[in-house]
Amino acid sequence: GESPLDLTGWSLQYASATSGTWVATPLAGRVEPGQFYLIRLASSGGDGIAPPLPDATGSTNLSSTGGKIALSNQSLPLTGTCPVGGGRVDFVGYGSAANCFEGERPASAPQTTAALLRRQVGCIDRDQNGEDWMVGSPRPRHRISPTENCQVNEEVARRAVSAQHPGSILLFPLYSSRSARPVLENTRLSITNTHPRDPVRLHLFWMDGGSASMADYQACLTPNQTVSLLASDLDPDISGFLLVIAIDPISGCPIRFNSLIGEALINLESGHRANLAALTIAALDREPAVCSLTASTVTLPFDGLHYQPLPTMLAASHLPSPADGQQTLLVVDRIGGNLASGGSTIGALYGWLYDDLEQPARFGLSIGRRQLRSLLNDSFPRTTPRLSTLIPPSRSGWLRIAQRDGGALVGALLVGSSTDGRQGMAGGRLLHILTLTTSVELVMPLVTSGGQSCGGSG
(Lines give C-alpha, C1' and ligand atoms only; values in the text may rest on other atoms or scores of the structure.)
Protein backbone atom coordinates (compact mmCIF):
# COMPACT_ATOMS: atom_id res chain seq x y z
CA GLY A 1 0.00 0.00 0.00
CA GLU A 2 0.88 3.68 0.08
CA SER A 3 0.25 4.32 3.80
CA PRO A 4 2.07 3.19 6.97
CA LEU A 5 0.58 0.29 8.92
CA ASP A 6 0.35 0.01 12.73
CA LEU A 7 0.64 -3.68 13.70
CA THR A 8 -0.40 -3.17 17.32
CA GLY A 9 -2.96 -5.85 18.17
CA TRP A 10 -2.11 -7.92 15.08
CA SER A 11 -0.79 -11.49 15.17
CA LEU A 12 0.94 -14.10 13.05
CA GLN A 13 -0.77 -17.47 13.54
CA TYR A 14 0.29 -21.04 12.75
CA ALA A 15 -1.38 -24.46 12.63
CA SER A 16 0.00 -27.75 11.36
CA ALA A 17 -1.06 -29.01 7.94
CA THR A 18 -4.38 -30.59 9.00
CA SER A 19 -4.93 -29.11 12.47
CA GLY A 20 -7.56 -26.66 13.65
CA THR A 21 -5.52 -25.51 16.65
CA TRP A 22 -3.83 -22.16 16.09
CA VAL A 23 -0.94 -20.55 17.98
CA ALA A 24 -0.73 -16.75 17.81
CA THR A 25 2.44 -14.64 17.96
CA PRO A 26 1.65 -10.98 18.85
CA LEU A 27 3.01 -8.25 16.61
CA ALA A 28 3.69 -4.57 17.27
CA GLY A 29 5.30 -1.60 15.61
CA ARG A 30 4.85 0.50 12.52
CA VAL A 31 5.61 -0.67 8.98
CA GLU A 32 6.21 1.86 6.23
CA PRO A 33 5.26 1.25 2.56
CA GLY A 34 7.79 -1.08 0.94
CA GLN A 35 9.28 -2.07 4.29
CA PHE A 36 9.98 -5.61 5.52
CA TYR A 37 9.02 -6.99 8.96
CA LEU A 38 10.91 -9.98 10.37
CA ILE A 39 9.34 -12.37 12.89
CA ARG A 40 11.74 -14.83 14.46
CA LEU A 41 10.18 -18.07 15.71
CA ALA A 42 11.63 -21.24 17.24
CA SER A 43 14.60 -22.97 15.64
CA SER A 44 15.36 -26.68 15.43
CA GLY A 45 18.99 -26.16 14.50
CA GLY A 46 21.42 -24.18 12.38
CA ASP A 47 20.30 -25.27 8.92
CA GLY A 48 20.44 -21.90 7.18
CA ILE A 49 21.99 -18.48 7.59
CA ALA A 50 21.76 -16.43 10.76
CA PRO A 51 18.86 -13.97 10.46
CA PRO A 52 19.24 -10.28 11.25
CA LEU A 53 17.72 -8.61 14.29
CA PRO A 54 13.99 -9.53 14.37
CA ASP A 55 11.12 -7.06 14.65
CA ALA A 56 9.02 -9.58 16.64
CA THR A 57 9.70 -12.95 18.29
CA GLY A 58 7.71 -16.06 19.11
CA SER A 59 8.15 -19.66 20.27
CA THR A 60 6.24 -21.48 17.51
CA ASN A 61 8.18 -24.15 15.61
CA LEU A 62 7.00 -24.20 11.98
CA SER A 63 7.11 -27.48 10.11
CA SER A 64 9.36 -27.51 7.07
CA THR A 65 7.16 -30.05 5.24
CA GLY A 66 3.69 -28.56 5.59
CA GLY A 67 1.57 -26.15 7.57
CA LYS A 68 -0.73 -23.12 7.57
CA ILE A 69 0.20 -19.54 8.38
CA ALA A 70 -2.27 -16.69 8.80
CA LEU A 71 -1.84 -12.97 9.29
CA SER A 72 -4.62 -11.59 11.48
CA ASN A 73 -5.46 -8.06 12.57
CA GLN A 74 -6.65 -9.53 15.89
CA SER A 75 -4.72 -11.11 18.75
CA LEU A 76 -7.07 -14.03 19.59
CA PRO A 77 -6.20 -17.44 18.08
CA LEU A 78 -8.19 -18.47 15.00
CA THR A 79 -10.51 -21.47 15.09
CA GLY A 80 -11.15 -24.33 12.66
CA THR A 81 -9.00 -26.08 10.06
CA CYS A 82 -9.77 -23.41 7.45
CA PRO A 83 -10.77 -20.20 9.26
CA VAL A 84 -12.46 -17.41 7.35
CA GLY A 85 -13.10 -14.90 10.14
CA GLY A 86 -11.02 -13.70 13.05
CA GLY A 87 -9.66 -10.74 11.17
CA ARG A 88 -7.83 -12.91 8.64
CA VAL A 89 -5.78 -10.59 6.41
CA ASP A 90 -3.59 -13.08 4.54
CA PHE A 91 -3.19 -16.84 4.48
CA VAL A 92 -0.62 -19.34 3.19
CA GLY A 93 -1.00 -23.12 3.18
CA TYR A 94 2.18 -24.95 2.19
CA GLY A 95 3.09 -28.59 1.59
CA SER A 96 0.94 -31.20 -0.13
CA ALA A 97 -0.78 -32.20 3.14
CA ALA A 98 -2.12 -28.71 3.90
CA ASN A 99 -5.93 -28.85 3.99
CA CYS A 100 -6.43 -25.09 3.65
CA PHE A 101 -4.80 -22.60 1.30
CA GLU A 102 -5.58 -19.71 -1.01
CA GLY A 103 -6.24 -20.54 -4.65
CA GLU A 104 -6.11 -23.87 -6.45
CA ARG A 105 -3.19 -25.51 -4.61
CA PRO A 106 -0.88 -24.96 -1.64
CA ALA A 107 2.59 -23.52 -1.89
CA SER A 108 5.47 -25.98 -2.10
CA ALA A 109 7.20 -27.18 1.07
CA PRO A 110 10.60 -25.49 1.58
CA GLN A 111 12.16 -28.37 3.59
CA THR A 112 14.89 -27.45 6.10
CA THR A 113 17.54 -25.45 4.23
CA ALA A 114 15.41 -23.38 1.84
CA ALA A 115 12.66 -20.80 2.20
CA LEU A 116 9.30 -19.91 0.73
CA LEU A 117 9.59 -16.58 -1.07
CA ARG A 118 6.73 -14.45 -2.34
CA ARG A 119 7.43 -13.53 -5.95
CA GLN A 120 8.45 -10.04 -7.06
CA VAL A 121 10.40 -9.39 -3.85
CA GLY A 122 7.26 -9.87 -1.78
CA CYS A 123 5.09 -7.57 -3.88
CA ILE A 124 2.76 -10.04 -5.61
CA ASP A 125 -0.41 -11.38 -3.97
CA ARG A 126 -2.98 -12.94 -6.32
CA ASP A 127 -4.48 -15.14 -3.57
CA GLN A 128 -2.91 -18.16 -5.27
CA ASN A 129 -0.49 -19.81 -2.82
CA GLY A 130 0.78 -22.30 -5.39
CA GLU A 131 1.64 -19.54 -7.88
CA ASP A 132 2.54 -16.59 -5.66
CA TRP A 133 5.21 -18.43 -3.66
CA MET A 134 8.29 -20.37 -4.69
CA VAL A 135 11.13 -22.19 -2.97
CA GLY A 136 14.51 -20.44 -2.96
CA SER A 137 17.51 -19.45 -0.87
CA PRO A 138 16.61 -17.78 2.46
CA ARG A 139 16.54 -13.97 2.30
CA PRO A 140 15.62 -12.74 5.81
CA ARG A 141 14.98 -8.98 5.79
CA HIS A 142 13.73 -6.65 8.51
CA ARG A 143 12.64 -3.04 8.96
CA ILE A 144 16.21 -1.76 8.56
CA SER A 145 16.60 -3.50 5.19
CA PRO A 146 16.26 -1.39 2.02
CA THR A 147 12.64 -0.80 1.07
CA GLU A 148 11.04 -2.00 -2.17
CA ASN A 149 8.82 -0.06 -4.56
CA CYS A 150 6.13 -2.59 -5.39
CA GLN A 151 4.64 -0.47 -8.15
CA VAL A 152 7.97 -0.44 -9.99
CA ASN A 153 8.59 -4.13 -9.25
CA GLU A 154 5.18 -5.09 -10.61
CA GLU A 155 5.73 -3.09 -13.76
CA VAL A 156 9.12 -4.71 -14.39
CA ALA A 157 7.89 -8.23 -13.58
CA ARG A 158 5.01 -7.93 -16.05
CA ARG A 159 7.42 -7.35 -18.90
CA ALA A 160 8.90 -10.13 -20.96
CA VAL A 161 12.54 -10.12 -21.98
CA SER A 162 12.76 -7.61 -24.83
CA ALA A 163 14.80 -4.82 -26.37
CA GLN A 164 12.26 -2.18 -25.35
CA HIS A 165 13.16 -1.63 -21.70
CA PRO A 166 16.42 -1.21 -19.76
CA GLY A 167 17.73 -4.14 -17.76
CA SER A 168 20.57 -5.47 -15.59
CA ILE A 169 21.85 -7.88 -18.26
CA LEU A 170 22.35 -7.16 -21.95
CA LEU A 171 22.41 -9.98 -24.48
CA PHE A 172 23.78 -9.23 -27.95
CA PRO A 173 22.76 -12.21 -30.15
CA LEU A 174 25.55 -11.79 -32.71
CA TYR A 175 28.94 -10.23 -33.16
CA SER A 176 31.64 -11.07 -35.70
CA SER A 177 34.83 -9.59 -37.12
CA ARG A 178 37.70 -10.30 -39.51
CA SER A 179 40.92 -8.60 -38.44
CA ALA A 180 42.35 -8.85 -41.96
CA ARG A 181 39.25 -7.25 -43.50
CA PRO A 182 37.45 -5.28 -40.76
CA VAL A 183 35.79 -3.02 -43.34
CA LEU A 184 33.96 -6.04 -44.77
CA GLU A 185 33.13 -7.81 -41.49
CA ASN A 186 32.94 -6.17 -38.10
CA THR A 187 30.52 -5.32 -35.30
CA ARG A 188 30.20 -2.09 -33.38
CA LEU A 189 28.50 -2.64 -30.02
CA SER A 190 27.14 0.20 -27.92
CA ILE A 191 26.32 0.04 -24.19
CA THR A 192 24.56 2.86 -22.35
CA ASN A 193 23.97 3.52 -18.66
CA THR A 194 20.67 5.42 -18.54
CA HIS A 195 20.77 5.99 -14.78
CA PRO A 196 20.97 9.75 -14.06
CA ARG A 197 23.01 9.42 -10.83
CA ASP A 198 24.68 6.02 -10.36
CA PRO A 199 27.73 4.53 -12.07
CA VAL A 200 27.90 0.80 -12.77
CA ARG A 201 30.59 -1.83 -13.22
CA LEU A 202 30.00 -4.32 -16.04
CA HIS A 203 31.30 -7.85 -16.58
CA LEU A 204 31.42 -8.63 -20.31
CA PHE A 205 31.50 -12.23 -21.56
CA TRP A 206 32.43 -12.74 -25.23
CA MET A 207 31.11 -16.22 -26.05
CA ASP A 208 32.61 -18.07 -29.03
CA GLY A 209 29.69 -19.50 -30.97
CA GLY A 210 31.66 -22.42 -32.34
CA SER A 211 33.85 -23.64 -29.46
CA ALA A 212 33.82 -23.91 -25.70
CA SER A 213 35.86 -20.76 -25.19
CA MET A 214 35.11 -17.37 -23.68
CA ALA A 215 36.87 -14.03 -23.24
CA ASP A 216 35.89 -11.56 -20.56
CA TYR A 217 36.79 -8.22 -19.05
CA GLN A 218 35.27 -5.55 -16.83
CA ALA A 219 34.44 -1.92 -17.51
CA CYS A 220 32.75 1.00 -15.76
CA LEU A 221 30.09 3.37 -17.00
CA THR A 222 29.39 6.67 -15.27
CA PRO A 223 25.82 8.03 -15.07
CA ASN A 224 24.36 8.73 -18.53
CA GLN A 225 27.51 7.41 -20.21
CA THR A 226 27.56 5.42 -23.45
CA VAL A 227 30.51 3.49 -24.85
CA SER A 228 31.11 1.91 -28.28
CA LEU A 229 33.19 -1.23 -28.73
CA LEU A 230 34.59 -2.80 -31.90
CA ALA A 231 34.62 -6.59 -31.98
CA SER A 232 37.81 -6.45 -34.09
CA ASP A 233 39.58 -4.66 -31.22
CA LEU A 234 38.34 -6.73 -28.31
CA ASP A 235 37.65 -10.23 -29.68
CA PRO A 236 39.00 -10.36 -33.25
CA ASP A 237 38.23 -13.16 -35.72
CA ILE A 238 35.50 -14.65 -33.50
CA SER A 239 31.80 -15.03 -34.21
CA GLY A 240 29.50 -15.47 -31.26
CA PHE A 241 27.31 -13.60 -28.78
CA LEU A 242 27.97 -11.17 -25.94
CA LEU A 243 26.61 -11.09 -22.39
CA VAL A 244 26.95 -7.90 -20.33
CA ILE A 245 26.12 -8.25 -16.62
CA ALA A 246 25.86 -5.44 -14.04
CA ILE A 247 27.96 -6.35 -11.00
CA ASP A 248 28.98 -4.99 -7.62
CA PRO A 249 32.15 -2.94 -8.12
CA ILE A 250 33.97 -4.61 -5.20
CA SER A 251 32.77 -8.22 -4.94
CA GLY A 252 31.94 -8.81 -8.61
CA CYS A 253 28.54 -10.23 -7.59
CA PRO A 254 25.60 -9.57 -9.98
CA ILE A 255 23.34 -6.73 -8.86
CA ARG A 256 19.99 -5.21 -9.74
CA PHE A 257 20.74 -2.25 -12.01
CA ASN A 258 17.86 -2.03 -14.46
CA SER A 259 19.30 0.91 -16.38
CA LEU A 260 21.30 -0.70 -19.21
CA ILE A 261 20.48 -0.56 -22.93
CA GLY A 262 22.54 -1.44 -25.98
CA GLU A 263 22.64 -2.19 -29.69
CA ALA A 264 24.94 -3.75 -32.27
CA LEU A 265 25.69 -2.56 -35.80
CA ILE A 266 26.67 -5.69 -37.72
CA ASN A 267 28.43 -5.93 -41.10
CA LEU A 268 29.11 -9.43 -42.45
CA GLU A 269 31.30 -10.31 -45.43
CA SER A 270 28.34 -12.25 -46.83
CA GLY A 271 26.57 -8.93 -47.43
CA HIS A 272 24.24 -9.12 -44.45
CA ARG A 273 23.78 -5.85 -42.56
CA ALA A 274 21.74 -5.24 -39.42
CA ASN A 275 21.31 -2.87 -36.49
CA LEU A 276 20.08 -5.09 -33.66
CA ALA A 277 19.08 -3.80 -30.23
CA ALA A 278 20.40 -5.86 -27.33
CA LEU A 279 17.90 -8.01 -25.47
CA THR A 280 17.57 -6.74 -21.91
CA ILE A 281 17.00 -8.96 -18.88
CA ALA A 282 15.74 -7.22 -15.75
CA ALA A 283 16.72 -8.23 -12.23
CA LEU A 284 13.59 -8.61 -10.09
CA ASP A 285 15.20 -9.06 -6.69
CA ARG A 286 17.46 -6.51 -5.02
CA GLU A 287 19.93 -9.41 -4.64
CA PRO A 288 19.35 -11.41 -7.84
CA ALA A 289 22.19 -13.85 -7.11
CA VAL A 290 23.66 -15.04 -3.81
CA CYS A 291 27.46 -14.84 -3.69
CA SER A 292 29.64 -16.68 -1.20
CA LEU A 293 32.80 -15.03 0.09
CA THR A 294 34.77 -18.20 -0.61
CA ALA A 295 33.19 -19.28 -3.92
CA SER A 296 34.75 -18.71 -7.34
CA THR A 297 31.41 -18.79 -9.16
CA VAL A 298 27.85 -17.57 -8.67
CA THR A 299 24.59 -18.93 -10.11
CA LEU A 300 22.14 -16.56 -11.82
CA PRO A 301 18.58 -18.00 -11.70
CA PHE A 302 16.23 -16.81 -14.47
CA ASP A 303 13.20 -18.03 -12.55
CA GLY A 304 10.86 -15.04 -12.48
CA LEU A 305 11.90 -14.32 -8.91
CA HIS A 306 15.53 -13.22 -9.21
CA TYR A 307 15.75 -12.43 -12.94
CA GLN A 308 13.14 -12.40 -15.69
CA PRO A 309 12.45 -15.79 -17.33
CA LEU A 310 14.25 -16.48 -20.62
CA PRO A 311 12.78 -17.46 -24.01
CA THR A 312 12.58 -21.13 -24.96
CA MET A 313 10.51 -20.91 -28.18
CA LEU A 314 11.22 -18.31 -30.87
CA ALA A 315 9.66 -17.26 -34.16
CA ALA A 316 10.58 -15.37 -37.33
CA SER A 317 7.47 -13.61 -38.62
CA HIS A 318 8.52 -13.13 -42.25
CA LEU A 319 10.66 -15.46 -44.37
CA PRO A 320 11.13 -14.52 -48.04
CA SER A 321 11.21 -17.32 -50.59
CA PRO A 322 14.74 -18.56 -51.43
CA ALA A 323 13.60 -18.51 -55.06
CA ASP A 324 13.50 -14.68 -54.90
CA GLY A 325 17.27 -14.58 -54.56
CA GLN A 326 17.50 -13.18 -51.04
CA GLN A 327 19.86 -14.83 -48.58
CA THR A 328 18.20 -15.28 -45.19
CA LEU A 329 20.59 -15.93 -42.30
CA LEU A 330 19.22 -17.53 -39.11
CA VAL A 331 21.15 -16.98 -35.84
CA VAL A 332 20.18 -18.85 -32.65
CA ASP A 333 22.10 -18.82 -29.34
CA ARG A 334 21.80 -21.14 -26.35
CA ILE A 335 21.87 -19.39 -22.97
CA GLY A 336 22.77 -21.48 -19.94
CA GLY A 337 25.48 -23.59 -18.34
CA ASN A 338 28.82 -22.39 -17.05
CA LEU A 339 30.22 -19.31 -18.77
CA ALA A 340 33.79 -20.18 -17.77
CA SER A 341 33.60 -23.39 -19.82
CA GLY A 342 31.80 -21.82 -22.78
CA GLY A 343 28.21 -22.36 -21.69
CA SER A 344 25.70 -24.92 -22.92
CA THR A 345 25.60 -26.16 -26.49
CA ILE A 346 22.37 -25.70 -28.43
CA GLY A 347 21.59 -29.42 -28.48
CA ALA A 348 18.36 -30.75 -29.99
CA LEU A 349 16.09 -28.27 -31.75
CA TYR A 350 12.71 -28.77 -33.32
CA GLY A 351 10.41 -26.48 -35.21
CA TRP A 352 8.05 -25.81 -38.09
CA LEU A 353 8.18 -23.83 -41.30
CA TYR A 354 4.84 -22.42 -42.47
CA ASP A 355 3.77 -21.02 -45.80
CA ASP A 356 1.36 -18.09 -46.01
CA LEU A 357 -1.59 -20.51 -46.16
CA GLU A 358 -0.72 -22.07 -42.77
CA GLN A 359 0.70 -25.28 -44.25
CA PRO A 360 3.43 -26.60 -41.89
CA ALA A 361 6.60 -28.59 -42.48
CA ARG A 362 8.27 -29.95 -39.35
CA PHE A 363 12.04 -30.23 -38.85
CA GLY A 364 14.48 -31.41 -36.20
CA LEU A 365 18.23 -31.04 -35.82
CA SER A 366 21.03 -31.28 -33.29
CA ILE A 367 23.69 -28.59 -32.92
CA GLY A 368 26.90 -29.14 -30.96
CA ARG A 369 27.79 -25.44 -30.96
CA ARG A 370 26.77 -22.52 -28.73
CA GLN A 371 25.48 -20.60 -31.73
CA LEU A 372 23.58 -21.73 -34.81
CA ARG A 373 24.38 -19.53 -37.81
CA SER A 374 23.09 -20.80 -41.14
CA LEU A 375 21.38 -19.69 -44.34
CA LEU A 376 17.81 -20.88 -44.81
CA ASN A 377 17.57 -22.87 -48.03
CA ASP A 378 16.59 -26.28 -49.38
CA SER A 379 19.41 -27.91 -47.40
CA PHE A 380 18.70 -26.22 -44.07
CA PRO A 381 16.51 -26.91 -42.29
CA ARG A 382 15.64 -30.22 -43.89
CA THR A 383 11.90 -30.31 -44.47
CA THR A 384 9.40 -32.15 -46.63
CA PRO A 385 8.59 -30.41 -48.92
CA ARG A 386 11.78 -28.36 -49.30
CA LEU A 387 11.76 -24.67 -48.37
CA SER A 388 11.61 -23.33 -51.95
CA THR A 389 8.61 -25.57 -52.64
CA LEU A 390 6.85 -24.73 -49.40
CA ILE A 391 7.42 -20.99 -49.96
CA PRO A 392 7.39 -20.41 -53.75
CA PRO A 393 8.59 -17.20 -55.51
CA SER A 394 6.97 -13.90 -54.45
CA ARG A 395 5.50 -15.58 -51.39
CA SER A 396 6.58 -15.60 -47.76
CA GLY A 397 6.27 -17.78 -44.70
CA TRP A 398 7.30 -17.95 -41.09
CA LEU A 399 9.29 -20.14 -38.72
CA ARG A 400 8.89 -21.49 -35.19
CA ILE A 401 11.87 -23.02 -33.36
CA ALA A 402 12.44 -24.35 -29.82
CA GLN A 403 14.96 -26.22 -27.70
CA ARG A 404 13.72 -29.77 -27.14
CA ASP A 405 14.71 -29.93 -23.46
CA GLY A 406 13.25 -26.54 -22.58
CA GLY A 407 16.56 -24.67 -22.63
CA ALA A 408 16.79 -20.94 -23.25
CA LEU A 409 17.26 -19.57 -26.78
CA VAL A 410 17.64 -16.12 -28.30
CA GLY A 411 18.26 -15.22 -31.90
CA ALA A 412 18.01 -12.98 -34.91
CA LEU A 413 17.20 -13.10 -38.62
CA LEU A 414 19.31 -11.24 -41.19
CA VAL A 415 18.07 -10.89 -44.76
CA GLY A 416 20.70 -10.05 -47.37
CA SER A 417 20.23 -8.23 -50.66
CA SER A 418 19.02 -10.15 -53.70
CA THR A 419 21.76 -12.16 -55.44
CA ASP A 420 20.30 -11.69 -58.93
CA GLY A 421 20.34 -7.89 -58.96
CA ARG A 422 16.67 -7.38 -58.16
CA GLN A 423 15.84 -4.88 -55.46
CA GLY A 424 15.27 -6.80 -52.22
CA MET A 425 14.23 -5.88 -48.68
CA ALA A 426 17.44 -6.33 -46.69
CA GLY A 427 18.03 -5.88 -42.97
CA GLY A 428 17.82 -7.69 -39.67
CA ARG A 429 15.62 -8.17 -36.62
CA LEU A 430 15.49 -10.10 -33.38
CA LEU A 431 13.47 -13.29 -33.32
CA HIS A 432 10.10 -12.99 -31.62
CA ILE A 433 9.65 -14.63 -28.21
CA LEU A 434 6.72 -17.09 -28.03
CA THR A 435 7.20 -18.93 -24.73
CA LEU A 436 9.36 -18.52 -21.62
CA THR A 437 11.04 -20.90 -19.20
CA THR A 438 11.72 -20.41 -15.47
CA SER A 439 14.15 -23.34 -15.15
CA VAL A 440 17.33 -21.86 -16.64
CA GLU A 441 20.42 -21.04 -14.59
CA LEU A 442 23.71 -19.49 -15.65
CA VAL A 443 26.94 -20.03 -13.72
CA MET A 444 29.22 -17.00 -13.82
CA PRO A 445 32.85 -16.77 -12.63
CA LEU A 446 33.37 -14.27 -9.81
CA VAL A 447 36.18 -11.81 -10.44
CA THR A 448 36.76 -9.04 -7.92
CA SER A 449 38.00 -5.60 -8.90
CA GLY A 450 40.87 -5.64 -6.43
CA GLY A 451 39.14 -3.14 -4.14
CA GLN A 452 38.55 -0.56 -6.85
CA SER A 453 35.20 1.18 -6.85
CA CYS A 454 33.40 2.39 -9.97
CA GLY A 455 33.22 6.12 -9.46
CA GLY A 456 34.57 7.10 -12.87
CA SER A 457 34.48 5.86 -16.42
CA GLY A 458 36.47 2.78 -17.33
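Predicted model: local features only at pLDDT ≥ 70, side-chain atom pairs only at ≥ 80, totals over all residues.
## Strands around β27

Strand β24, which covers residues 347–354, pairs with β27 in the antiparallel sense, and six bridges link the two.

## An open sheet of five strands

Elsewhere in the chain, five strands make up an open sheet with antiparallel pairing, and their order across the sheet is β14-β13-β16-β11-β19. Which strands stand at the edges of this sheet? They are β14 (214–221) and β19 (279–281), and because each has a single partner strand, one side of each is left without a neighbour in the sheet. From one strand to the next, the twist has an average of 20°.

Among the residues involved, L170 has T280 in β19 as its bridge partner.

## Two nonpolar cores

The largest nonpolar core contains 56 residues, and the members that touch the most other members are F172, I191, L300 and F302. The strand that gives the most to this core is β16 (residues 240–247), which supplies seven residues.

If neighbours up to four places away in sequence are not counted, F302 touches I169, I281, Y307, Q308, P309 and L310, and also T437, T438, S439, V440 and L442. Another core lies apart from the largest one; this other core has 23 residues, including L365, L390, L409 and L431.

## A closer look at A70

Residue A70 belongs to strand β7, which runs over residues 67–72. Is A70 buried or exposed? Its relative accessibility is 1%, and since a residue under 20% is classed as buried, A70 counts as buried.

What surrounds A70, once its neighbours within four places in sequence are left aside? A70 is in contact with S11, L12, Q13 and W22, and it is also in contact with L78, D90 and F91. By contrast, 66 Å separate the C-alpha atoms of A70 and L184, two residues that are 114 residues apart along the chain.

Technical notes: Residues numbered from 1 in each chain as written. Heavy atoms only, no water. Pairing = 2+ DSSP bridges. Helix = DSSP H or I, 4+ residues; strand = E, 2+ residues; numbered from the N terminus. Axes fitted to C-alpha atoms, helices over the stretch in contact; angles between N-to-C directions. Core = buried A, V, L, I, M, F, W, Y, C linked by side-chain atoms within 4.5 Å. Buried < 20%, exposed > 50% of the residue type's maximum accessible area, 1.4 Å probe, protein only. Contact = heavy atoms within 4.5 Å.
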